[in-house]
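Please find below my notes on the model under review.

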Amino acid sequence: MFEFKIDDSGQQQAPSGGLYDLAIVGAGPAGLSAAIYASRDGIKTLVFDKSSAGGLAATTDWIENYPGFPEGISGPDLMDRMQKQAERFGAELLEFEEVTQIEPVSKGHLRVHTASAEVFDAKMVLLALGSHPKKLNVPGEEEYYGRGVSYCATCDGPLFRDKDVVIVGAGNSGLQEGLNVLNYARSVTFIEFLPYSIAEKILQERTMNHPKSTFYFNHMLTEIKGDAVVTGVVMKNRETGAVVELPCDGVFIYVGYTPDTRFLEGLVEMNKWGYIKTDAQMWTGVEGLMAIGDVRASNLAQVTVAVADGTKAAIAAREYLAELEV
Amino acid sequence: MALLNDQIRDQVSEMLVDLPNVVRLVMFKKAEDCPYCSIIEELITEVASTSDRVTVEVYDIEHDKEQVAAYGIDKAPVIAIVGAKDYGLRFFGIPANYEFSTLLHGIQVAGAGEPAQLDAATKSFLAGLNKPVHYEVFVTPTCPYCPGAAVLAFDMAVHSDYVKADVVEAGEFPDLAGRYNVMGVPLNVLNHTQRVEGRAPAQMIVDAIKASL
C-alpha cells in the first residue's frame, strides 16, 4: 500500500567548481541521460535544474511505454533512478539554480550565469530545458492557482478525494493524469477543445469507460470561478456557442507545453513557439552549444526520445571535447 | 512483512548509525479514526531498529495528558522528533512515499543538533529572531517536490529555538487543510497568516516570516 523512498535532494552538495567539460541545463530525461553517458565516460559534468531534478516526467503519475518496465513505472521513480545513475558516475547536480544566460567566450569556453549570480565555466553546454505545462490564460486561472487550479495531478490529486474535478485537455497528459485523479475524485469531467481526443487509444478506453468520468468535446473553457477556492468552470460549446457552467472543486490543466527559452533570445534560433532549432546532430549553430530533448523544435515530447537525444549528445560531446584537445 | 525492504533498511541504517545525539521518536496516536496509526508505529519501530541512536515512545493523545502537554500536541497521529532537546520538529500523518525522506532528514538534523543546509543569510536572519514562528508545511506522500519544502522547515527549526516546524500530510488532516484552503502542495504557512506555495527558496520563506511577525 505504501512505499518508503529515500530522496537526498535536501542535502545537495556544493559544486566542485573550476572548468567543467560539460554543463547541462535541465535535469529531465534528456539532461540526465546525457549526464549518465558523459560522466561515465569521465567527462566532468555539471547539471543545472531550476527546480527539482526529473523534469516533467517526474510529475507523470505512471509511464507504461518506457522500455524495460513491463508493468510500467511511476514517473518520479523513473527519474529518481536516472538521477541516482548520473550521480553514481560523478555527475554533479545543482537543483533550484536557474540558468539566466549562456555567454559564448571563445571556442571551448562557454560561461553559464545563474539567477543567484553564480558563474560557471564549461567547455560545452547542452540545453535540455524541456517544457512546462501551458497556461490557458483564462480569468481565474492565476487567481486560483494553489486554491483548486493545479498543473500536477501526481502532487495534488490526493487533495481532491471525493471531490468533483475538471481536467482541461483530453490529450495524452490529460487522460493519463485524469486516470490518477479518478482514483481519488468523486467525478472527473474532461473538457477538450477539439471534437475528439488525440490521446493514445488505450488511455481513451480507460478513461471513457470509467464510471466516474464525463467528456465534453469541442468545448472551450472560458473562466474558472471561485470564492476563496475554485467553485466551478464556465465553458462554451464551440459549435453551438452554448455556454455551460459546471460546479467543481478543482481544475487540472493539461493543454500542451511551452518551453522556457526567452533567456536565449538573440543567441540561438527558435521557431515561433520558442522551441530551439538545431541541425540533425542537435547543434544550435553556436560553438559548443547543443539543444536536446523537448526543447528542440519538432520534438515528440516522449521520454524515450529525450533519452535518445541525451545519449547522442553525450557521444557528440566526447568527440567535440577530444577535438578541443588536439 | 516488514515495511522497509532490505535495501532501504540498509540505507536508513547507514544514515542513522552515527548520530551524534540520540533521537527519540515520540509518537502520539489515537484510538479511533486513525487508519494509519498502526502503520506509523510499525514504521518508526523499524527505523529505530536500524540504529541504537534512535528510540521510540508511543503515547495516546486522549490518555497521556502529561506528555501531550509537554510536547504541545493538539492532533494525532504525530511524530515529535526529539534530539538533545526538543527543537519543535513534528510530522503529522504518515511519512510514506517521498515523505519518508522528510522523516529521516528530521532524525538526522535533530540528532546532529544543527541544520543540514542553510545558507549564511538565513542563519543570520534566524539568529536575530526574537518572536515565535510557527512554520507549517502541507505535503502529500506522492509529491516529489514536497520533501524539499519540508526539510527547509526542519532545518530552520533546528537552527532557531523560536521556530517550530510542523509538516502535515494534508490528506489526513482535512479540517486543517480546509482551514488554509490547501489544494496544492507543497504549501508553506508562516504564523497562520503568510502562505508560500511550492518548494520555495529560503529567502522567500524568510520574507514570509518577516511579513508574519
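**Notes on backbone geometry and domain contacts**

1. Asn191(B) lies in the loop between E7 and strand E8 (194-197) of chain B; helices (H or I, at least four residues) and strands (E, at least two) are DSSP runs, numbered from the N terminus. Although Asn191(B) is not a glycine, its phi is positive, about 50 degrees. Its relative accessibility is 15%, so Asn191(B) counts as buried (buried is under 20% relative accessible area, exposed over 50%, partly exposed in between, with a 1.4 Å probe and protein chains only).

2. On provenance: this is a predicted model, in which local features need pLDDT of at least 70 and side-chain atom pairs count only at pLDDT 80 or more, while totals for chains, interfaces and linings use all residues. Residues are numbered from 1 along each chain as its sequence is written, chains are lettered from A and ligands numbered from 1 in the order in which they are written, and side-chain values use heavy atoms, with hydrogens and water left out.

3. Ala301(A), a residue other than glycine, also has a positive phi, near 50 degrees. Ala301(A) sits in the loop between strand E17 (289-291) and helix H6 (303-325) of chain A. With a relative accessible area of 43%, Ala301(A) is partly exposed. Most residues other than glycine have a negative phi, and most peptide bonds are trans.

4. Chain A comprises domain 1 (15-132 + 257-325) and domain 2 (149-253), with bounds from an automatic or database domain assignment. Their centres, taken over C-alpha atoms, are 32 Å apart. About 670 Å² is buried between the two domains, 36% of it from carbon and sulfur atoms (buried area is the accessible area, 1.4 Å probe, that two parts lose on being put together, summed over both). Thr59(A), Asp61(A) and Glu64(A) supply 61% of the area that domain 1 buries against domain 2, more than any other three residues.

5. Which side chains form a salt bridge with a 2.9 Å N to O distance? They are those of Arg206(A) and Glu64(A); the criterion is a side-chain nitrogen of Lys or Arg within 4 Å of a carboxyl oxygen of Asp or Glu. Across the interface of domain 1 and domain 2 of chain A, the rule finds 1 salt bridge.
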